[in-house]
Structures are given as C-alpha cells and as structure tokens.
Amino acid sequence: MHRAAKVVIERIRALGKISDEQGKLTRTFCSPAMRKANNLVASWMKEAAMEVREDAIGNVIGRYVAGLAGRAEDEAKVLLLGSHLDTVRDAGKFDGPLGVLVAIACVEALHKSGTRLPFAIDVAGFADEEGVRYQSAYLGSRALAGTFDSKDLKRVDANGITMAEAIRSFGGKPDALSATKTDRKRLLGYVEVHIEQGPVLEKNNLSVGVVSAIAGQSRYECNFTGRAGHAGTVPMSMRSDALCAAAEFVLAAEHYAKRSSGLVATVGRMEVLPGASNVVPGEVTLTLDVRHAEDSVRERACLRLQKLASEIAKRRKAQVRIEKRHEAKSVMCDRRFSRMLDKIVKQHQGKSIFLPSGAGHDAAAMAAITPVAMLFVRCKGGISHHPDESASAKDVRMAIEVMNDFLTELGNAQAQQRPNANRSK
Ligand code: GLV
Ligand code: MN
Ligand code: MN
C-alpha cells in the first residue's frame, strides 16, 4: 500500500476511536473528544513542519509557510485546505477527517521533498460542520469566514449549556470570535477533499470526482404542543395528541418531498414529552432538514411545509411553533480550480466526472469569501452518516496524488503571476 495513503487510513482509524459516546463514534463541537482529536491532529500537523494554532472557536489550523524569495511571509497568499473534525451521532470515520488528513499528507510530501510553494498552505480541522450539538452547522468555517452570527452564542445544548460556555470551557474565546476571521485578501481559495457520501463514483467505477456545486439546506426546529392526559381515561375524540400531529407532519413532509424532483426533507430527531407509556403526549419537538440544488425550490418547499404544519396542528387542536435553526444557500464551485482538478483527475484515472453534492460541506461556508473547490472520494456502497462508511486505500491514494499535483500546478501558476515569488526547493 502507498505509504501516505496507509498513514491517512491509520490516522482515520485513530480518530475514529475518539468519541464522546461509548461503543459508537460521536464527536461534537467543543466536547472532551474534540479536545483529544484537536490535540492529535495538531501533533500530526507539527510532524509535517506546520505551525499550529487553535483559533477562538476551536478550529485547529496548521500553517506550512511559503517560500518567498526575499519577501516577508506575511505578504504571502494563503491556500486553505481541510474539512471538519466533528461527527454526527454514531458516525462513520471518514466524513470530515479524510479531508484534513489528505491535506496533511500533501503538506508532509512537500516537507519531505524540501519544497516550499509561492503561497502558504493552511490546513484547517474545523470544529463544527455537522451542527449536532447546537443545530447550527458550519460553526467553525463560518467563524473563519467572518459570517458567524454572534446571536448563536446564546443557544443551549441538550444539557442547557450555552454555546458561549461550551467554547470557553474548550479553551476558546467566545467574545473574540470576530478576531478569528481570516484575511480574505490573502486567501487564494479553499479546496476540500471529502468522501462522496453517495453512490455515483462507485457506479461509474471511479476513485475520485470533481464537485460541481453544493446544495443549499434549511434546518428547522418544530415544536407541537397539544394537551397531555391520562392514556386510559381521555376519550380519543377529546384528545389533542402532540405526537399524532407531529407524526402526521412527518409523513406530510415525506409525501411533499417525494413529489418534487431533487427535493429531500428529513425529520431526524424527535423528542416526546412527557414520554411515558400511559400519558397522551403533550409536546413534541422535532428537527426538519430540507435541501435542493436550487434555492428557490428549497425556499418554496420550506414555506409550504410550514403551512402544512400549521394546518395539521389547527385540525388537531394543537399549536405549532417553528424556528429556523440554519440556512445555507447552494454554492457553485470555482471554475478555475475545478477545471484544474478535472484535468489532473483525467491524467490519473483516464476519465473525470463532475458531480453535485447533496451534503453540506465547509466549502459552502468558505464560499462566502473565497473561491472553493472539492474533490470527492468513492464511498463504499454509497453509505455515509453510518458506522459502515468507508473509502479504500487505493482511492485515498488517488486523492493524495491528485491534490499533490494540484498544489504543484497552482504553485507554478502563482510563480508565473509573480516572477519574484519563486518556488523554492
Ligand atoms: C453534513 O454532513 C450535512 O450535509 O448535513
Ligand atoms: Mn456529515
Ligand atoms: Mn462532512
């Protein structure tokens, strides 16, 4: 096995053991497991000759400085690579860490050959992309992009801990998040390697593919309130059962999404109160996640689903309160970077395809300030957000080789643009 790919897979396995929950992989924003993961990733970054820092929100960032003949390092442009280190509940090991570890492998290759590029490389291990703890995704990348909404600091997790408290106890600085914002003038762009999380590359018998666009997403918290009562004495005709209202809404959302091409709507979590077998449910809180490649379709769907929830609640003499927890618009990947990737992928595997991403990625948040591109890696069985998620060493090797060539090509292009900024070896 190619050594660099073997190291990436070993490191993915090591990170896969760092969890907040016993017996399954769950690593959420600012948790004890995230502390261990950041420390481990920082040690690998240091081995690759990177200067490492942790920013105010808990992103771990390694810098491989530029080789700028006779010029100050702080004049150098910066190419950002990376992905996230948080996971969903009972996650697979590859979603997120693959992108961070492939990036470190590429820097390691540069370091070993004594190569410096005419730009610095920052590798980010983002603190939150999944949004499990606070139902707000891309916290890490939004802080870096300067689009973090400080109102989110007041959100509480399932244990009543505010986001500000969580960041502080992690060692971050919730009052200084604006200082985390990166200098966009110096950024050349952001490139992320990620497991595909779908079946397209596998179906096409390809190791890697280039992402064309990232679908937009909206996430809501819906709270249905009915009237709790005795399961043995309240006649069926006199009930206002919050769970029945919620259940009807779940099926209505499924039905609606099935009728609109490309639309997906998911209720992934539900909390039923008071939660006893002999009590009519009085309150249900559920999450709703809606996605489509076209923002107008998603926005129309969100309005329609909110209306459906109100109609269902009214008919069942219940109330519903709906709060938007997260929204991200769809994002087109940068043409120049994507074409470069496409050309290199063709050189390596003879054929290259562009494919859209239905999943959200840190690249969507970084696109607010810089050109972004993504390389997808084949995903076994298309299975993701599941412990069986897997990518082969052969495909990881392909991703590393494509990214190594991408860095070389971008380095040459930058050196041509600025003749004084020589590639040094
Ligand atoms: C992240 O994986 C998302 O698409 O929700
Ligand atoms: Mn994910
Ligand atoms: Mn991911």
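**Close-up views of a pocket and a ligand site**

**View 1. Lining of the second largest pocket.** The second largest pocket has 17 lining residues, and R142, T147, H326, E327 and A328 are the ones nearest its centre. Elements giving two or more residues to this lining are β13 (319-328) and α10 (362-366); helices (H or I, at least four residues) and strands (E, at least two) are DSSP runs numbered from the N terminus. With four residues, β13 supplies the largest share of the lining. The model is predicted: local features need pLDDT of at least 70 and side-chain atom pairs pLDDT 80 or more, while totals for chains, interfaces and linings use all residues.

**View 2. Space and residue classes in the second largest pocket.** The second largest pocket holds about 300 Å³ of space. A pocket is an open set of points on a 1 Å grid over the protein atoms alone, where a 1.4 Å probe fits, with protein on both sides within 12 Å along at least five of seven lines; lining residues have an atom within 4 Å of a point. Its lining comprises six nonpolar, three polar and eight charged residues.

**View 3. Residues around ligand 1.** The residues around ligand 1 (a heavy atom within 4 Å) are E129, E130, Q217, R219, R291, A359, G360 and H385. Residues are numbered from 1 along each chain, ligands are numbered from 1 in the order written, and side-chain values use heavy atoms, without hydrogens and water.

**View 4. Oxygen atoms of ligand 1 and side chains.** An N or O atom in the side chain of R291 lies 2.6 Å from an oxygen atom of ligand 1. The corresponding distance is 3.0 Å for E130 and 3.1 Å for H385.

How values were computed. Points joined across faces, edges and corners; volume = space filled by probe spheres on them. Nonpolar A, V, L, I, M, F, W, Y, C, P; charged D, E, K, R; others polar. Polar contact = N/O pair within 3.5 Å; in protein donor to acceptor, adjacent residues only side chain to side chain.
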